[in-house]
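Please keep the sequence and the model at hand while reading.

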Amino acid sequence: MDDNIIEVRGLKTYYYTATKVIPAADDINFSMKRGEVLGIVGESGCGKTTVARSLVGLINRQNTRIEAGEILFEGIDLAKATPKQLEHIRGNKISMIFQDPFVSLSPVYTVGNQIAEVMRAHSTGKVDKKKERETIIELMRKVGIPSPELRIKDYAYQLSGGMQQRIMIAIALACRPDILIADEPTTALDVTVQAQVLELIRNLKDEFSMSVILISHNLGIVANMCDRILVMYGGVVVEEGSCYDIFKNPRHPYTRGLLMAIPSLKEDREELFSIPGTVPTFTAPVSTCRFADRCPHACDRCREKEPDFVDIGPGHRARCIFADKEVLNA
Amino acid sequence: MPEKEILIEAKNIKKHFPVKRGMFERGEKKTVKAIDGVDLVLYKGETLGVIGESGCGKSTLARVIMHLIPATEGEVFFKGKPVDKTNIMDFRRKVQMVFQDPYSSLDPRMSVKRIIEEPLRVHMKGLSKEEKDKIVRPVVEKVGIEFDVLDKYPHEFSGGQRQRIGIARALVTTPEVLICDEPVSALDMSIQAQVLNIFRELQKELGLSYLFISHDMSVIKHVSDRIAVMYLGKIVELADKQELFDNTLHPYTKALMNSIPIPDPTVPSMKAELTGEPPSPINPPSGCSFHERCPFATERCKTETPVLCDRGNGHLVACHLKEETKC
């Protein structure tokens, strides 16, 4: 396990409202190696963002609790870390970029200032203004911003969406983190710009030798970027495997359904396969298979207790009692 | 080509929005050329897909055709007759619209039944309750909603169901054309497939024609018979689906296709072929509006605006580089 940069064991994050308990992330287990790109895919409300936010303590402590589990990073358990400890890690060792760059950037500071802010927050010595400026310009050049000497004085609104997201990436990378969490980093961008930003993340990952957690609802992006993938549904990981396993040999009915539901560019299908029903939100802890109501293979056993993971191959497992059975292929 | 009945014809549509001048700004008044000369024909029974990036004017085009906003220039014909004040009600009855966001396009204070019946109150005044029910019931059942739940309010439905309600509302006046503005982009993947299937079934059953707007190439490919690619207020390429994919002519269309991530790890896809982002329609580049991002741009592209012309088989493209054949 020593080469694992982060290890999550049995993580449970629940939201509390006046009357309900929402098990947003339930029994999440995964680990990540240095330089790996881990994808988390799922539809809205499946808990993918909750998992990512739990890792860096970006959760609202008023109504959200990490119920159980450990997040081991550099010998500390982030699930139980103090706010002070988390502050030291966030933006420094683990950084995060978000979906909408315009909302994430401050409208009243120049982008250069916002990059500097992170560096100052995490440096101990006195800042050399001139050197700092050079570092920022260098960083902006790395994320592909043309003429950074001029852009450093710009405000967020003066930049286009793609450029804003590049600034967000520059902010995230300012302290050379070990892990970059990218939560739907290109959902707000156009496809041609999306391709540019994803390529940038891929190149920077190698250059900075980071690990990346990429959260997306787009299976195409995940297929192109990730080494390993977690598929989430209703707060749990339903399937975990290498990119190849997930796309070429999916063993959970949900993963299979999702892959068949997306219109393909290669072949024409008269009718798309569609998963019946709607994406559920659970408002109490669950003890059945969460996909049972929409699953074509569901039987009584699925409704009795939540299925355990079934191992399919090295590093490939699915939370379905039929995962290793032939019936799925029918 | 066999003669097909033309339902909607848009001729040289332009829509320019004036830009508000700041207090100290001087000089010429600026305009956003959201649509700058678009010609479009929609045949009976077909689906015409319109694809483009944000800001290319595809939604404005839908709204102008619907006469929700007045065009700056140009005319829309429905079955050969120009649409004007005298026949706009008739036009809107035959041409209905489905919107992108099923959360904001349904009035939260109306019951779903009232929402779906609303077009009837406008277009077929004086129907009794029973008569309305008789029209509404088969329509909602067609889109997969039970008639008994119609007394509920929109917030009680999920995103996919709300989009079905939006479709049902569009269908009650028995239209011939549906203009769909990004109807599935707010939906989850598993729900998107359900809604796309509904569109297909309705077309088969009712012989509808669709003008289907989306930014998602895989969705557009799935639903369309013909595809129009828009860039900065203009159509840059228009062809039959198969022809467009087999014989892509415009460099922008090519780049658009190559930047789509394909959900298959064994297929190398998604190349960032283009640099930069779509320019602002306030100050579009001279000549071909794509020349700043085009890897093949020549001097001519910087000064001369290419026109959309036929390269055979109804394959239209606006690019100087493809002008070896006569235009």
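The points below are grouped by topic, beginning with the contact between the chains.

The model is predicted. Chain B contributes 43 residues and chain A 48 residues to their contact. About 3700 Å² is buried between the two chains, and 57% of that area lies on carbon and sulfur atoms.

**The interface of chain B and chain A**

- On the side of chain B, the residues that lose the most area to chain A are Met189(B), Met270(B) and Glu277(B), which together account for 18% of what that side buries.
- The interface holds 1 salt bridge by the rule applied. The partners are the side chains of Lys248(A) and Asp264(B), with a nitrogen-to-oxygen distance of 3.1 Å.
- Between chain B and chain A, 17 residue pairs are in polar contact, counted where both residues have a pLDDT of 80 or more.
- Helices α6 (189-206), α7 (217-223) and α8 (241-246) of chain B each supply at least two residues of the side that touches chain A. The most comes from α6(B), with 11 residues.
- By residue type, the side of chain B that touches chain A comprises 18 nonpolar, 14 polar and 11 charged residues.

**Helix α9 of chain B**

- The buried residues of α9(B) are Pro251(B), Tyr252(B), Thr253(B), Ala255(B), Leu256(B) and Met257(B).
- These buried residues pack against elements of both chains: α8 (191-207) of chain A, and β3 (47-51), α7, β9 (226-231), β10 (234-240) and α8 of chain B.

**An open sheet in chain B**

- In chain B, 4 strands make up an open sheet with antiparallel pairing, arranged in the order β2-β1-β4-β5.
- The edges are formed by β2 (31-43) and β5 (81-82) of chain B, each of which pairs on one side only.
- Strand β1(B), residues 6-18, is paired with β2(B) in the antiparallel sense through 10 bridges. Phe17(B) has Val32(B) of β2(B) standing opposite.

**Positive phi angles in loops of chain B**

- Most residues other than glycine have a negative phi.
- His67(B), which is not a glycine, has a positive phi of about 60 degrees. His67(B) is located in the loop between α1 (58-65) and β4 (73-78) of chain B.
- With a relative accessibility of 25%, His67(B) counts as partly exposed, because that class lies between the limits of 20% and 50%.
- Thr174(B) is likewise not a glycine, and its phi is positive at about 45 degrees. Its place is the loop between α5 (159-171) and β7 (177-181) of chain B.

**Gly57 in chain A**

- Gly57(A) belongs to the loop between α1 (48-55) and β4 (64-73) of chain A.
- Gly57(A) has a relative accessibility of 10% and therefore counts as buried, the limit being under 20%.
- When neighbours within four places in sequence are set aside, Gly57(A) is in contact with Leu86(A) and Arg90(A).
- Gly57(A) and Leu78(A) are 21 residues apart along the chain, and 7.5 Å separates their C-alpha atoms.

Methods: Residues are numbered from 1 along each chain as its sequence is written. Chains are lettered from A and ligands numbered from 1 in the order in which they are written. This is a predicted model: local features need pLDDT of at least 70, side-chain atom pairs count only at pLDDT 80 or more; totals for chains, interfaces and linings use all residues. Side-chain values use heavy atoms; hydrogens and water are left out. Buried means under 20% relative accessible area, exposed over 50%, partly exposed in between (1.4 Å probe, protein chains only). Contact means heavy atoms within 4.5 Å. Buried area is the accessible area (1.4 Å probe) that two parts lose on being put together, summed over both. A salt bridge is a side-chain nitrogen of Lys or Arg within 4 Å of a carboxyl oxygen of Asp or Glu. A polar contact is a pair of N or O atoms within 3.5 Å; within protein, one must be able to donate a hydrogen and the other to accept it, and residues adjacent in sequence count only if both atoms are side-chain atoms. Ala, Val, Leu, Ile, Met, Phe, Trp, Tyr, Cys and Pro count as nonpolar, Asp, Glu, Lys and Arg as charged, and the others, Gly among them, as polar. Two strands pair if DSSP finds at least two bridges between them.
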